[in-house]
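Subject: Structure handover

Hello,

Here is the structure for you to look at. My notes follow below.

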Amino acid sequence: MAKTFLMVFSFCLAVMLILSAKSQASTIHVPDDYKNIQAAVDAAIPGDTIIVASGEYSENLVVTKPVIIKSKNGHDTSTVKALLPSAPVFKVINTDTVVISGFTAAGSANSGIYLYRAGKCEISNNKTVRNGSGIVLSLSDNNHLINNEIASNEKFGIYLESSGANTIDKNTVSLNNDKGIFFNLSDNNTLSENVVSSNYWDGITLWSSNYNTLDGNKVLRNMYGITISNSSGNILINNSVWRDIYVLLPVILIYMGIMLYVVERKIFRIIYFKE
Amino acid sequence: MFYTFPWLASIGFITATVNLISGLQLTRKGEIAVIERIMHRLNGYLSLFFCLLLVVRKINDKWSPLLLATLVVGILLYLMKIWVVRIKRGKRYGSHIGILLFITWFVVIYVHIYKP
């Protein structure tokens with residue numbers, strides 16, 4: 001009887017140990033453990049970290065569980081190109097707390113990073129270039145976009161549609177062929193300390209978007225700086241909007257140079273000729 | 001938010017402007033030419049100082065290929081101008097190098113406007 005009890009107890013203990021080991025978050029390396037990132041994402045359990053080595057990967061990633069996807073050496077050496085140009089490079093759908101950090105996402109006619117019904121995700125230190133749009137949030141709340149470089153996309157740099165309470169800060173959004181940052185039906189978002197420059201159309205556009213905070217953004221050399229339409233309750237603090245800075249700044253500096261020359265010459269005349 | 005690089009580039013550009021104007025005035029004769037020569041030298045070395053300061057401050061920062069090329073060309077032009085003046089060829093080639101230096105500062109300013 002005691003022997004049977006001991007065997008059952010040992011078996012239960014073993015099963016519990018295996019289950020607890022399975023449920024602990026682990027780190028998966030690409031391409032050491034899995035050849036491509038999507039395979040690693042499919043194999044991961046919620047909370048796992050996927051570390052991606054330097055290299056170029058051709059994939060359209062779909063993330064449906066809370067995992068952390070990071071590159072080992074930053075976006076300069078880790079590039080993910082869209083295998084199917086019609087789909088986003090990174091698509092986060094129906095999940096929370098996903099982290100995507102340190103990648104270059106390129107070559108999608110749709111978008112570089114696309115969040116759909118996603119929340120509390122962190123998109124940081126990425127570069128999205130030559131996509132339809134750079135980063136798109138649709139029906140996604142409480143996400144944090146920080147320190148991304150978004151350039152040379154066909155439409156928008158950052159596009160928010162029906163998304164709220166997101167924080168977008170310290171991003172560089174430049175040279176996009178439409179608007180730099182576009183909020184469409186999106187409320188209560190915070191946009192701070194971004195540099196939005198040289199976009200073909202508006203720098204920042206708020207369309208039917210209310211109670212957003214724009215703080216300390218530099219909006220330079222766009223066709224129009226900040227456009228707000230059909231919106232109310234938005235707060236704008238300490239934003240610099242210089243549409244023609246490219247032309248104005250050198251002119252101002254040359255003028256200051258001429259003034260300094262005149263002053264300097266006066267001073268030297270006083271010193272040398274006691275005039 | 002305070003960016004150092006646009007400020008350094010702006011001050012450098014202002015000194016380069018003063019340097020260019022005083023350089024153009026060097027053709028004048030007499031006592032006034034002495035002042036112009038001193039001003040030209042002073043502002044020349046000042047703009048070289050700001051150029052070097054930009055390079056030093058940029059070492060741990062992100063480099064764009066355009067900025068790297070511009071600063072290297074700028075320093076080479078400064079060294080060439082000092083050499084040309086030392087070998088007494090300043091009157092013949094000084095103005096050409098001076099104009100090139102001024103154009104170089106234009107590019108430096110352009111690079112720093114939207115990429116602080």
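Buried means under 20% relative accessible area, exposed over 50%, and partly exposed in between (1.4 Å probe, protein chains only). This is a predicted model: local features need pLDDT of at least 70, side-chain atom pairs count only at pLDDT 80 or more, and totals for chains, interfaces and linings use all residues. Residues are numbered from 1 along each chain as its sequence is written, chains are lettered from A and ligands numbered from 1 in the order in which they are written, and side-chain values use heavy atoms, with hydrogens and water left out.

Salt bridges. A salt bridge is a side-chain nitrogen of Lys or Arg within 4 Å of a carboxyl oxygen of Asp or Glu.

- Glu56(A) and Lys81(A) form one, at 3.6 Å from N to O. They sit in strands S3 and S6 of chain A, 25 residues apart. Strands are DSSP runs (E, at least two residues), numbered from the N terminus. Glu56(A) is exposed, at 55%. Lys81(A) is partly exposed because its relative accessible area is 36%.
- Lys179(A) pairs with Asp178(A), with the closest N and O atoms 3.4 Å apart. Lys179(A) is buried, at 14%. Asp178(A) is partly exposed, at 22%.

The sheet. Eight strands of chain A make an open, parallel sheet, in the order S4-S7-S10-S13-S16-S19-S22-S25. Two strands pair if DSSP finds at least two bridges between them. S4 (61–63) and S25 (224–229) of chain A are the edge strands. Three bridges join S4(A) to S7 (residues 90–93) of chain A. Val63(A) has Val92(A) as its bridge partner in S7(A).

Best wishes

Terms used: Helix = DSSP H or I, 4+ residues; strand = E, 2+ residues; numbered from the N terminus.
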